[in-house]
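Please load the model in your viewer and try each task before you read its solution.

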Amino acid sequence: MKKYNLVVCGGTFDHFHKGHESFLRFILSLSNKIILGLTTAEYIRNKKLSNSIESYSKRKKSIEEFFRKENALYRLEIEPIDNLFIPKKWESLRIDAIVVSNDTQKGAEIINRERKKRGLSQLKVIVAPIIFADSNSELSSFRIRNGEINREGKLYVKDLWFKKDLKLPQDLRKELQKPFGELLKDVNDLSKDKDNLVITVGDITTKVFNEKSLGQDISVIDFKVAREKIFYSILELGFKGDERILTVDNPAGYITSNLFKAILQIFKSDMKRRIILQVNGEEDLTVLPLVLLSPLNTIIYYGQPDLGLVKIFVSENAKEKAYNLALKLKTV
């Protein structure tokens, strides 16, 4: 491919991943100098799952670290952009081409149409190759924020887990009895969270949240406490009765394929109403598939017997931990 002197590109570069690396290496291979327009917080505030997009400074640092490793930082200039169009300060530069991804090609066409209206030269549009995740779908920052894949494109939930049940081996029980997240000993410190998706697991935890009007989005219940049936109605747990209810069978010591499917169904829905996942059997192991399928920054609360309340902030590290634990379960 022809070598260009100066090319431009733009994007959000959130949760810098393998696809970003490939995109930027492609640009490095065909240009001497790169001007990269990095979207500002204002520009991306309406993107999907914008609350989990990294800050401008963090995204910029990730890009600079990549170019430093490639010994090419001297070839890079980063400028903030707050709209689709090339900043006017760039228009005096002799830009040879604009490099885009498959998803942003239309944006480049809009830029060229606007340039034509203003009597400016057309930019050559170069589309970089697509990088795929394990699912044969495009590797994207949105899918990372949505909790589907990691930065290498690996799925957090294997396709097999939607088809086969997972059984908890006896030697893994003690490990899963340890708090998965932060142990909270005083529930009085809890307050309503308006910025993150909140999930409660367990009848007592759910009841406490309802009594305190904390407004969790999703609740997982089985009407049992310490494996004994205590409740018989969602009204006893403090629900109003207008919530959306899904039911799923899940025996004790198992994570069934149907449980994975039910949780996935919840996250694919619009969630305009509060949702109750009623488990026929036991919900003890529901935390694992919830962590694996939840978007980043989701907060999950569940009760730890004799210790208190556990708070899980769903991060990339939490997902990797849950994935590694799920791999230890027996497929049946």
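This is a predicted model: local features need pLDDT of at least 70, side-chain atom pairs count only at pLDDT 80 or more; totals for chains, interfaces and linings use all residues.

**Exercise 1.** Between which two strands does the loop that holds Phe85 lie? Then describe the surroundings of Phe85.

*Solution.* Residues are numbered from 1 along each chain as its sequence is written, and side-chain values use heavy atoms, with hydrogens and water left out.

Step 1: Phe85 sits in the loop between strand 3 and strand 4. Helices (H or I, at least four residues) and strands (E, at least two) are DSSP runs, numbered from the N terminus.

Step 2: with a relative accessible area of 35%, Phe85 is partly exposed. Buried means under 20% relative accessible area, exposed means over 50%, and partly exposed is in between (1.4 Å probe, protein chains only).

Step 3: leaving aside residues up to four places away in sequence, Phe85 touches Ile110, Ile111 and Glu114, where a contact means heavy atoms within 4.5 Å.

Step 4: Thr39 is 46 residues from Phe85 along the chain, and their C-alpha atoms are separated by 11 Å.

**Exercise 2.** Characterise the protein chain as a whole: its elements, its box, its burial and its charges.

*Solution.* Step 1: the protein chain has 9 helices and 17 strands.

Step 1: along the principal axes, its C-alpha atoms fill a box of roughly 75 × 40 × 30 Å.

Step 2: of the 332 residues in the protein chain, 47% are buried. For contacts with a separation of 6 or more, 70% come from residues 24 or more positions apart.

Step 3: the protein chain exposes about 17400 Å², with 48% of it supplied by carbon and sulfur atoms. These areas come from the Shrake-Rupley method with a 1.4 Å probe; for residues, only the protein chains shown count as cover.

Step 4: there are 56 positive and 44 negative side chains, and the centres of the two sets lie 6 Å apart. Lys and Arg count as positive and Asp and Glu as negative, while His and the chain ends are not counted. The place of a charge is NZ of Lys, CZ of Arg, CG of Asp or CD of Glu.

**Exercise 3.** In what order do the 5 strands of the open parallel sheet run, and why does one side of strand 3 and of strand 5 lack a neighbour?

*Solution.* Step 1: the order is 3-2-1-4-5, with parallel pairing. Two strands pair if DSSP finds at least two bridges between them.

Step 1: strand 3 (76-81) and strand 5 (124-127) stand at the edges with a single partner strand each, so one side of each has no neighbour in the sheet.

Step 2: from one strand to the next, the twist averages 25°. Axes are lines fitted to C-alpha atoms, for helices over the stretch in contact, and angles run from 0 to 180 degrees between N-to-C directions.

Step 3: strand 4 (residues 97-100) runs parallel to strand 5, and 4 bridges join them. Ala97 stands opposite Lys124 in strand 5.

Step 4: helix 1 (residues 18-30) packs on the sheet and touches strand 1 (4-11), strand 2 (31-39), strand 4 and strand 5. The direction of helix 1 makes about 145° with that of strand 2.

**Exercise 4.** Which residues of strand 8 are buried on each side, and which strands pair with strand 8?

*Solution.* Step 1: strand 8 (residues 198-201) is covered on both faces, with Val198 and Thr200 buried on one side and Ile199 and Val201 buried on the other.

Step 1: strand 8 pairs with strand 15 in the parallel sense over 4 bridges, and the bridge partner of Val198 there is Ile299.

Step 2: strand 8 also pairs with strand 9 (residues 218-221) in the parallel sense, over 3 bridges. Thr200 stands opposite Ser219 in strand 9.

**Exercise 5.** Is Asn297 buried or exposed, and where does Asn297 lie?

*Solution.* Step 1: Asn297 counts as buried because its relative accessibility is 17%.

Step 1: Asn297 lies in the loop between helix 8 (287-293) and strand 15 (299-304).

Step 2: Asn297 has a positive phi near 75°, although it is a residue other than glycine.
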